[in-house]
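Okay, thanks for coming, everyone. Let's take a few minutes with this one and look at some charged side chains and a pair of helices.

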Amino acid sequence: MSSWSRKAGFAGVAIFAATAYAVAQMPDHARMHQQMNSGAPGQQQMMPQDGVRGQTMHGQHGMMMGGEISGQPPTMPGQEAFGTIQEIVRTLEADPTTDWSKVNIAALREHLIDMDEVTMRAVATERPLDNGVEIAVTGTGRTLDGIKRMVPAHVHELSHLGWSAKTEDLPNGVKLIVTSTDAKQVTKLRALGFMGIMVQGAHHQQHHLMMAKSEFSH
């Protein structure tokens with residue numbers, strides 16, 4: 001091999017190495033454009049049609065920003081009571097027989113506040129009985145108001161499940177007593193405790209709709 005050929009070869013290797021190093025130092029975004037726009041001299045690089053090119057660039061940008069864009073709209077309301085009211089309003093709107101002169105969404109909102117207060121802030125002191133469980137549910141302020149409205153109203157629903165239930169007033173709350181003649185049910189009642197007993201039955205959702213329509217109240 002001639003001296004000139006060897007020098008040309010060394011020069012080519014040096015240029016290639018320098019180019020590769022420069023590309024490696026580029027940010028990802030710049031490197032992508034460099035790769036898209038590069039091509040052999042005198043050749044026209046194949047590019048997708050405008051619509052496909054726009055979609056490709058959009059998808060690449062989405063992946064660069066942290067993941068592919070799914071295109072699915074968000075569905076979560078962001079807050080449970082907000083979502084419940086939204087569901088009830090949509091149900092009323094879908095019903096052509098809805099009498100809007102009787103609809104009272106404010107009453108439903110107050111009930112949902114009661115539910116939050118009783119679920120999250122009431123104090124439930126449980127005492128096992130031979131045939132069931134006795135629970136002193138107490139609180140102050142808005143929590144006490146929710147206890148007085150919700151717990152006695154739930155007694156009627158518990159009777160449909162084959163349990164005997166009653167409430168007694170306390171200065172700062174309500175005493176809930178739930179019993180059964182079935183030993184297995186007694187074990188279940190003790191395991192459920194206050195909130196487990198309160199969530200029994202599938203009436204809550206229907207009651208929410210009835211409240212909104214002014215057909216039911218505590």
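So, start with Asp169: its relative accessible area is 65%, and since anything over 50% goes down as exposed, Asp169 is exposed. Keep in mind that what you're looking at is a predicted model.

Who does Asp169 pair with? Its salt-bridge partner is Lys148, and the closest N and O atoms sit 3.9 Å apart. Asp169 is in strand β3, residues 164-170, while Lys148 is in helix α6, so this pair ties together parts that are 21 residues apart in sequence. Lys148 itself is partly exposed, at 32% relative accessible area.

In general, side chains of opposite charge can pair when their charged atoms come close.

Helix α5 covers residues 105-121 and helix α6 covers residues 141-159, and their axes come within 8 Å, crossing at roughly 105°. Roughly parallel or roughly perpendicular, then? With 65 to 115 degrees counting as roughly perpendicular, that is what α5 and α6 are to each other.

What meets what? On the α5 side you've got, among them, Glu110, Asp114, Glu117 and Arg121, and on the α6 side, residues including Arg142, Ile147, Arg149 and Met150. Taken as a whole, the residues of that contact split into six charged, five nonpolar and three polar.

Now zoom in on Asp114. It forms a salt bridge with Arg149, and here the closest N and O atoms are 2.7 Å apart. Asp114 belongs to helix α5 and Arg149 to helix α6, 35 residues apart, so the pair links distant parts of the chain. Is Asp114 buried or exposed? It counts as buried, because its relative accessibility is 3% and the cut-off is under 20%. Arg149, at 34%, counts as partly exposed.

Glu117 forms a salt bridge with Arg121, with 3.9 Å between the closest N and O atoms. The two are four residues apart in helix α5, which means about one helical turn separates them. Glu117 counts as buried at 13% relative accessibility, whereas Arg121 counts as partly exposed at 46%.

That's my tour, so over to you.

Note on methods. Residues numbered from 1 in each chain as written. Predicted model: local features only at pLDDT ≥ 70, side-chain atom pairs only at ≥ 80, totals over all residues. Heavy atoms only, no water. Axes fitted to C-alpha atoms, helices over the stretch in contact; angles between N-to-C directions. Parallel < 35°, antiparallel > 145°, perpendicular 65-115°, else oblique. Contact = heavy atoms within 4.5 Å. Nonpolar A, V, L, I, M, F, W, Y, C, P; charged D, E, K, R; others polar. Salt bridge = Lys/Arg side-chain N within 4 Å of Asp/Glu carboxyl O. Buried < 20%, exposed > 50% of the residue type's maximum accessible area, 1.4 Å probe, protein only.
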